[in-house]
Amino acid sequence: MASSMLFKIALISCLALATASKKEAPPADESSDSTASTGSTGSDSFDVTKYSASCSASASANSKAFLDAFKAACKVKGRPTILVPKGTYKLGQVTFEGPCQGSHITFDIQGTLEAPADAKEIPDNAWIEFDSLHEMVVKGGGILDGKGQSSWPLETHDKPISMRLTKCVVGRIGDISIKDSKFFHMALHHSQGIIIENIKLSAPCNSKNTDGIHLSGSTNITINNVDIGTGDDCISIGPGTKDVTISGIKCGPGHGISIGSLGKYKNEENVANIHVKSCTIDGATNGVRIKSWPGAPPSEASNIIFEDVTMNNVSYPIIIDQKYCPNGECTTHAPSQVKISDITFSRIKGTSNTPIAVKLDCSEHSPCQNVKLQDINLKPTSAVDEITSFCTNVHGDVSGTQFPDPCLGANAGKISNSTSSSSAPPGASDH
């Protein structure tokens, strides 16, 4: 009886080991697909130089090599990596379009990629585009140089974005730099589950429309520990964007962190559930703001929180502007119909270099609802004698410390420990 029991135990142990070994072994077709790929430097690594990319090649030749490496990697059912070794590569317009066989593809960019200086050589609206990819990773410590200097003086908005993600699901962009873009440095359109962290985006102050990161129609986005200094918004959040967390951003110069502009087009989708926290804004022409165009058709922006933000020498640190009209571009001065509600500005501190530090200029058609100012502590720089607040068409309340005097709630203009009065003309930045 004992010997029979021992035999059963031994048999069960052998079967368990055999099953575990079978699970750990990769499928035969997955292994053969990887090793059979021309130009592969390993079972799942695709070096663009093995596809004829080089630091001496033309932009068009390198574009073909990059796309050839991607097409080979896209056929792999495993977890392929496209490697761009160190060096400087001229690169024309490329679109890495999925879906791919595998559910995960990594772009390991270790070198510097240089865009054509002439925007006309990039026929699409994006220089480097990732389209319909799942579980994509971009990393490597490399640099994307947009070569945008000759484009900045041009008045047209028909300029390419340096990096654009379209219809991508789950992914991470990290440990790279993008500089001197012709238009936005990075944009996410109709994507979800993307993490952007540990990157640097930079361009001079005179670089028009070079937003750091622009989001539209995207959900479940995390932006963390990003250093942004461009000629426009550090981060801009457009229509249809929901469930976004932004933290640890170093912003400046530029135009701060913005929701909008909203309402430029008909049938825009709503913006909701945006949380901005633990950020620093330095020398920007705006701080944290929500903006919509005059005459904007109906849409909504709701449940937006700005908290623990430090302002250093910032113009208009806190602003809701429903009469946004940059450079006199407005075709109407009718009230905006964008409904703004459930907005919180909490623990905002630092310095303002303009007299109006808090401006809540809402629409007479759709007054802002449930706007909260909590523990606001702003002081004037030496450039201004005093700072103040301005409110119109806004309903809400205040709590905690309030510098300057609030123009909102039951105590509007009645808190004595302020740096100034609570009434002022609306003047605002057009950026």
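**View 1. Strands β13 and β15 lie side by side.** Here β13 (residues 186–189) and β15 (residues 213–216) run parallel, joined by four bridges. Strands here are DSSP runs of E with at least two residues, numbered from the N terminus, and two of them pair if DSSP finds at least two bridges between them. Look for His-189, which stands opposite Ser-216 in β15. A quick note before moving on: this is a predicted model, where local features need pLDDT of at least 70 and side-chain atom pairs count only at pLDDT 80 or more, while totals for chains, interfaces and linings use all residues. Residues are numbered from 1 along each chain as its sequence is written, and side-chain values use heavy atoms, with hydrogens and water left out.

**View 2. Eleven strands make an open sheet.** Their order is β4-β7-β10-β13-β15-β17-β20-β22-β24-β26-β28, and the pairing is parallel. At the edges sit β4 (94–97) and β28 (388–392), each with pairing on one side only.

**View 3. His-255 sits in a loop.** That loop runs between β19 (250–251) and β20 (257–262). UniProt, in an unreviewed entry, gives His-255 the feature "active site"; such annotations may be inferred rather than shown by experiment, feature names are shortened, and positions are given in the numbering used here. Is His-255 buried or exposed? With a relative accessible area of 8%, His-255 is buried (buried is under 20%, exposed over 50%, partly exposed in between; 1.4 Å probe, protein chains only).

**View 4. Gly-409 follows β29.** You'll find Gly-409 in the segment after β29 (394–403). Gly-409 counts as partly exposed because its relative accessibility is 31%. Setting aside neighbours within four places in sequence, Gly-409 is in contact (heavy atoms within 4.5 Å) with Gly-396 and Asp-397.
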